[in-house]
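Reader: I have the file open and would like to go through it with you before I set anything up. Could you take my questions as they come?

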Amino acid sequence: MKYCDKCNIKINTHNSYCPLCQQTLSGETSLDHIEKYPEYISPTRKVYPITKKIILFVTIVSIIVLLVVNLATYKENPVMWSLIPIGSIAYFWVLVTLGVLSRHNIAFRFATLTTLLIGLLILIDFRSNGGGWSYNYVMPLLLTLCNFSVSVIILVKRMDYRDYIVYLLMIVIFSIVPLILYALNIVDEPWPALVSFGLAIFILLFIIFFFPKSIKDEIKKRFHA
Amino acid sequence: MDKDSRYDTWFRLDNSGKIFPEVSNHRETNVFRVAITLTEKIDEEILQLAVDGILSRYPMFKVKLKKGLFWSYFDYNSKPFNVEELKHYVCGEIHPRKNNGYLFRVMYRNTDIIIEMFHSLADGAGVVMLLKAIVYEYLNLLGKDVKPDNLVPTKNQRPSMEEYEDANSKFYDRKNRKHIPEKRAYRIKGTALSEDLTGLISGVMSTKAMINLARENGLTMTEYLTALMMYTIYVTQIQYRGSVSSNQSPVKIFVPVNLRKHFPSNTLRNFSNFVKTNMVMTEDDITFEYLKDLVKKQFEEGMTKSELIRKMSENVAFEKNVLLKFTPYFLKKYALKIGYNMLGMKLNTMSLTNIGKVDFPESMQPFIKDVTAAVYSGKFNTLNCSIISYKDKLKITFTRSIVETTIEREFFRHFTDLGIDVEIESNYVEEY
């Protein structure tokens, strides 16, 4: 036990000064005393945030360069052609940060990346007057693929499927959109829309029949007010 | 809990818990700590077993925070909980991703078991309960002959719904919920510590001597310590500097009140409110005697039942507001954040928490040396204080985010001048 004669306090430590008045302590502390609080070890910086920063920096710089070049030459060529590369670069950034670096749950990542990819492809289709290949073929088939893979993940990772089921439900509902577009005569090729719709209905029925309680609970949880 | 019922194991956040997830970060962590010192070195594996056993009994703590459309909620956490070795940080941020989603930590060092809890999940009384249960289970697994004597919850009891209730909304009174605007409080000045470090200094004194001292002055212990705290802040920071503009703000000490003692409830979740002292200290001749009377008067006013219900209802009113209720969460988040930054944090100079006496059954007492409590300190509340006692050891712990220790020094010197022995513990943060 050490002693500070200025503050009149006792203290049990290997340090040599009083924490209150910084004066030298008198007395001895037994050698086998272990300090109550551990020493500070400075954390070493991780690589991961730096990678993210570099990618974000390169993304933003290239988007600005593209925009500047596009606007500078707008008089000679009045088309916003830069939207296509900008969209692709932005998508690449999301793909890296959300798809690779993030630790969000996998169903959420699939659902978000698929939705964004569909949006990007529709944009490219419109810009290049592709004639609707994006919503005729790519959109329903991507949705089918996403539905299929999320279902497989849920079946394989049986542990905590409650976390995934809401995103699956979201994509399932989204898969009905191509069929609606077909009914509105925007889409003129029926079979991809029907495939995506068929799989969605199948998964929906599967959930309702085999996990009725968990889907009900999950909805109750997420929508409570 | 049987396996099937865990699908619907989820909890709403209680009223006071709703604000903390939005306003917490690495600087304002809203984390507090209760620690216990046993007589023997802690065995990590047995501690892990004890915690696992207790967690299956208290599903309330086996949760992670998730976002819903309107509010966030606690969802069952299927990942394993790991006890860890104590690091230097005092009440550091509990990062869900580094902690398997859990909102509390159980740590050990030498003979100590330390629990750090995010304030959303429970308050001081709830954590003391959890700590007691873990220590009982730990001693039990070590093969010690301990009995719970109805003082300690054990893992064999069935959980009761009462433990999970949001007691704040239970006592909500819509006629008594007037909002009284407050002025910004005085902020204790000092040089900030680097890297989110927190300094910790605690003083151990005799409980008996302290109770006698308070009684001689006709006050409760909390009142006496609060008055002394105001006086120390006044002497070290404000006296003879009454003309400085930042000193015009009132010194306000925030003292949490455990409402379980005032209203019938046994909830483990947040159920506390506060009383506040409030005084502009620009005069040059404020005495300790005057402050004692002031604190006693202000505590009496703040602790009346109708005033406590008013403060409770004022908080509950915002979540009952239909407009705010059905705002999507990602927008509501910002509303809460702005509201809190304008109102919440800056209304207190410091908080002084008295957790009170911790009782253990007689069969456990030989294995327990003492207990410690601490709260985080942040950017605005640069110094906070918490008090806990076990048998004849009263421990006053200061946590600070500034380098200076003047207030602590003057505070403890007050007792040594009165002839009360003080033993100091420090984490020597100024070394780094």
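Reader: For contacts in chain B between residues at least 6 apart in sequence, what share joins residues at least 24 apart?
Author: The share is 76%, where two residues are in contact if their C-beta atoms, placed from the backbone, lie within 7 Å. Please keep in mind that this is a predicted model, in which local features need pLDDT of at least 70 and side-chain atom pairs count only at pLDDT 80 or more, while totals for chains, interfaces and linings use all residues. Residues are numbered from 1 along each chain as its sequence is written, and chains are lettered from A and ligands numbered from 1 in the order in which they are written.

Reader: How many helices and strands are in chain B?
Author: Chain B has eleven helices and 15 strands; helices (H or I, at least four residues) and strands (E, at least two) are DSSP runs, numbered from the N terminus. Its radius of gyration, taken over C-alpha atoms, is 21 Å, close to the 22 Å that the globule rule (2.2 Å times the number of residues to the power 0.38) gives for 432 residues, so chain B is as compact as a globular protein of that length. Along its principal axes the C-alpha trace of chain B spans about 65 × 55 × 40 Å.

Reader: What percentage of chain B is buried?
Author: Buried residues account for 42% of the 432 residues in chain B; a residue is buried if 20 or more other C-beta atoms, placed from the backbone, lie within 10 Å of its own, exposed if 12 or fewer, and partly exposed in between.

Reader: And which residues have the most contacts inside the largest nonpolar core?
Author: Those are B:I113, B:L131, B:I134 and B:M230, in a core of 105 residues. A nonpolar core here is a set of buried Ala, Val, Leu, Ile, Met, Phe, Trp, Tyr and Cys residues joined through C-beta atoms within 7 Å. Helix α3(B) gives the most to this core, with eleven residues. Leaving aside neighbours within four places in sequence, B:I113 is in contact with several residues, including B:A35, B:I36, B:L38 and B:I134.

Reader: Switching to domains, how is chain B divided?
Author: By an automatic or database domain assignment, chain B is divided into domain 1 (4-153) and domain 2 (199-358 + 375-431). Their C-alpha centres lie 24 Å apart, and 30 residues of domain 1 of chain B are in contact with 28 residues of domain 2 of chain B.

Reader: Which elements of domain 1 supply two or more residues to that contact side?
Author: They are α1 (20-23), β2 (31-38) and α3 (124-141) of chain B, and α3(B) gives the most, with five residues.

Reader: What about chain A, how many residues of chain B touch it?
Author: On the chain B side 36 residues are in contact with 28 residues of chain A. The largest share of the chain B side, five residues, comes from α11(B). That side divides into 16 nonpolar, eight polar and twelve charged residues, where Ala, Val, Leu, Ile, Met, Phe, Trp, Tyr, Cys and Pro count as nonpolar, Asp, Glu, Lys and Arg as charged, and the others, Gly among them, as polar.

Reader: In what sense do β2 of chain A and β15(B) pair?
Author: Strand β2 (residues 9-11) of chain A and β15(B) pair in the parallel sense over two bridges; two strands pair if DSSP finds at least two bridges between them. Within that pairing, A:K10 has B:E423 as its bridge partner in β15(B).

Reader: In what order do the strands of the open sheet come?
Author: The ten strands follow the order β3(A)-β1(A)-β2(A)-β15(B)-β8(B)-β14(B)-β13(B)-β11(B)-β9(B)-β10(B), with mixed pairing. At the edges stand β3 (26-27) of chain A and β10 (272-276) of chain B, each with a single partner strand, so one side of each is left without a neighbour in the sheet. At the chain A end, β1 (residues 2-4) and β3(A) run antiparallel and are joined by two bridges.

Reader: Now one residue: is B:F254 buried or partly exposed?
Author: B:F254, in strand β9 (residues 253-258) of chain B, counts as partly exposed because it has 19 C-beta neighbours inside 10 Å. Not counting residues up to four places away in sequence, B:F254 touches B:F274, B:K276, B:N348 and B:S351. The C-alpha atoms of B:F254 and B:L352 are separated by 6.0 Å, although these residues are 98 residues apart along the chain.
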